Amino acid sequence: MERLVKCYGTFTAVDGISLQVREGEFFGFLGPNGAGKTTTINAIAGLAHKSGGRIAVFGHDNERDWRRARRLVGLSPQEYNFDRYLSLRDVLIFAAGYYGARGKAVAERADMLLDRFGLTPHAHREYTRISGGQKRRLSLARALIHEPRLLILDEPTAGVDVELRLELWQWLRELNREGLTIFLTTHYLEEAEKLCRRIAIIRGGKIVTEKPTEELLAAGESLQDVFLELTRN
Ligand code: ATP
């Protein structure tokens with residue numbers, strides 16, 4: 001991503017940021033409320049028009065070559081946008097259809113993902129009848145249905161209990177080990193510290209640091225201290 005700019009009217013939410021996430025990396029993108037994280041994510045996923053700059057996903061420009069770029073990205077958004085009346089299995093199958101994938105292979109992948117995230121017993125239940133934790137897991141499964149190479153997670157463990165959080169971390173580590181590149185946004189700094197190899201911090205639409213996690217913490221401070229120092233008004 002080079003010099004990404006996103007304005008809403010006269011307000012500049014993302015102000016010329018450049019970031020390079022390497023293939024296979026677990027990258028953390030942190031910042032206070034309103035810093036521009038979701039706006040950046042939406043621009044990468046092709047959900048928001050950029051006001052300036054360039055984004056390439058594994059070499060594919062996400063405007064000129066948007067079809068291929070979008071196919072490579074799986075997004076688990078902060079706010080759910082599921083069809084309320086579909087079963088969990090159909091949520092996954094419909095999402096695959098959005099990328100032009102259908103048939104037996106998709107049904108098998110949906111069943112595999114339901115199983116991987118412990119949702120098989122609820123596969124035929126309507127989306128409205130599952131718990132918050134189950135929705136988080138479904139959101140992750142949906143982001144993976146079309147076999148993306150980059151997984152973008154916007155607050156993947158907000159509102160989940162301790163046990164599920166640990167389980168989600170384990171799944172994310174496994175997915176990363178299998179080669180998936182992960183771009184994570186979270187307000188939960190322990191999560192970023194535990195999972196991410198490199199971290200960027202955004203404040204007021206500008207990147208204030210971008211370093212390997214180890215280097216960021218080299219002075220012996222906690223990530224919370226570093227974060228507060230860099231983002232304090
Ligand atoms: P949070 O951690 O609270 O989710 P964030 O870092 O994801 O915050 P964004 O949602 O990207 O922040 O918002 C960045 C800024 O852009 C905020 O000041 C927000 O009010 C503004 N903003 C976001 N979406 C719009 C919109 N559709 N119209 C106008 N302003 C917007």
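1. Let me start with the rings. Seven aromatic pairs turn up here, counting Phe, Tyr and Trp rings whose centres lie within 6.5 Å. Please keep in mind that this is a predicted model.

2. One of these pairs is worth a look on your screen: Phe27 and Phe183 are stacked, with 5.6 Å from centre to centre and 5 degrees between the planes. Phe27 belongs to strand 3 (residues 26-30) and Phe183 to strand 9 (residues 181-185), so their pairing ties together parts that are 156 residues apart in sequence.

3. Are Phe27 and Phe183 buried or exposed? Both of them are buried.

4. Next, charges over rings. Arg149 places its charged end over the ring of Phe58, 4.0 Å from the centre of that ring. Lys135 lies over the face of Tyr127, at 5.0 Å from the ring centre.

5. Lys6 is part of strand 1, which covers residues 2-8. Lys6 is buried, yet it has no salt bridge. Which side chain of opposite charge is nearest to Lys6? That is Glu63, 9.1 Å away, while a salt bridge would need a side-chain nitrogen within 4 Å of a carboxyl oxygen.

Note on methods
Residues numbered from 1 in each chain as written. Predicted model: local features only at pLDDT ≥ 70, side-chain atom pairs only at ≥ 80, totals over all residues. Heavy atoms only, no water. Phe/Tyr/Trp six-rings, centres within 6.5 Å; stacked < 30°, edge-to-face > 60°. Helix = DSSP H or I, 4+ residues; strand = E, 2+ residues; numbered from the N terminus. Buried < 20%, exposed > 50% of the residue type's maximum accessible area, 1.4 Å probe, protein only. Lys NZ or Arg CZ within 6 Å of the ring centre and 35° of its normal. Lys, Arg positive; Asp, Glu negative; His and termini not counted.
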